[in-house]
Amino acid sequence: MKVTIIGGGTAGWLTGLFFNKKGYSDITIIDSSKVGILGAGEATAPNFKGLLFELGINEEEFLQTTGGTIKKSNDFINWSPHESKFSHGFGHYTLSNETNETMYGFHFDAKECAKYFKNIGIERGVKHLDVNITNFIQNEIGDITNIETEENINIETEFVIDCSGFARLCIGKLYKSKWKSYSEFLKSNSAIAYFLPQENKLTYKSKTYTQSIAMKNGWMWQAPLQNRWGCGYVFNDTYITNEEAKKEVEDYLGKEIKIVKTFKFDAGSYEKTWINNCVSLGLSSGFLEPLEATSLLSLIWSLYKLENIKLENSNSENREVYNNYVNNVNYQCMLFVRNHYNCGRTDTKFWKDINNSKLPLDLIKILKSIENNVEDDSLIYITNKKDRLLMFGKYNYQIVDLGHKSKTKLSIL
């Protein structure tokens, strides 16, 4: 089966490696050196570590090559009115008060990661074309059969995976799938990205923490890499401009920053991410915001679901099963991300507006259930009774809820 992947970022090459490992021998990745890679440092959840192992990629080599560090938790600073700090770690505490040391994610340089995966992919037989797409040729039922390029290279294909990022070439622009916006609940729609020098002596073995710092009009991330910090400020552009966001960061840090990238987004996803013989993954299928690294988290769950169904089984019934599954993954991620903003902070118009806005009904049910000390099974029946998949459980919601209510500046963990 001829599989064509559009996009050569982390999502594209990770997808190529995944299906190569699963026995798909004719894979071509199309990307363009004219198109940059979005990323000012990347963070993951623990399922990324599991996928590396499954793909036969050495964890230490990965971290060394990508300038990465071990991510133990996400530290939230000043989200509550009490100016508290709390940590959302990846593992439950045991009876001996020790965390599960095998539960961790990573921080890494997104551009170096794409290069690293690309080198491995080419070594394993994944083909690569540096070309610019101009047109898609479809047959009478809408399947993509050929991809035309500026370089007059005609690429025949039997299945297309769209990892084109925010360009969203296939499911968005070609198939015009309906967009499901979560902007009613998630107010951020813009971000600026920048780097800071790394003053700590970090190695690939260093155990680090993503810093998520609440600001006046949104929040700022700081991801520690070996040679620098990958940083950004996520906000809503109806409250401040990019320049005002830059000034706010500089006032907080006490130093000037240089913006390396800006981007706008509408928090949400496509209702159908698998149409005909094409599926979109990563940013091309949707995006919430950088909080809690849900983009790569959901990408990996989507890959496993596609493996279960098989790409060649592209019939309407299987596509519906997959699309419902992905919608549920995105919905659960939205509920959990929205819960972080349910912090009671009202010192600026941004925080006052978001804390006075309504919560999703299912989030209200989840929080009431946790107050009644229910277990994870009860949360499954609120969010996903059919698939029995729970993205975030009682532990995760409790940590965030307690963090918002805590009056201590120490981590509650």
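Analyst: First, the residue classes: Ala, Val, Leu, Ile, Met, Phe, Trp, Tyr, Cys and Pro count as nonpolar, Asp, Glu, Lys and Arg as charged, and the others, Gly among them, as polar. This is a predicted model; local features need pLDDT of at least 70, side-chain atom pairs count only at pLDDT 80 or more, and totals for chains, interfaces and linings use all residues. Residues are numbered from 1 along each chain as its sequence is written, and side-chain values use heavy atoms, with hydrogens and water left out.

User: What makes a space a cavity, and how many are found at 30 Å³ or more?

Analyst: On a 1 Å grid over the protein atoms alone, a cavity is a set of points where a 1.4 Å probe fits but cannot get out; lining residues have an atom within 4 Å of a point. Volume is the space filled by probe spheres set on the points, which are joined across faces, edges and corners. The whole-structure search finds two cavities of 30 Å³ or more.

User: What volume does the largest cavity have, and which residues lie nearest its centre?

Analyst: About 110 Å³. Its lining has 13 residues, with G286, F287, L288, S298 and N330 nearest the centre. By class, three are nonpolar, nine polar and one charged.

User: What is the class make-up of the second largest cavity's lining?

Analyst: Four residues are nonpolar, five polar and none charged. L281, G282, S285, S298, L299, S302, V326, V329 and N330 line this cavity. Its space is about 60 Å³.

Technical notes: 1 Å grid on protein atoms, 1.4 Å probe; cavity = no way out; pocket = protein on both sides within 12 Å on 5 of 7 lines; lining within 4 Å.
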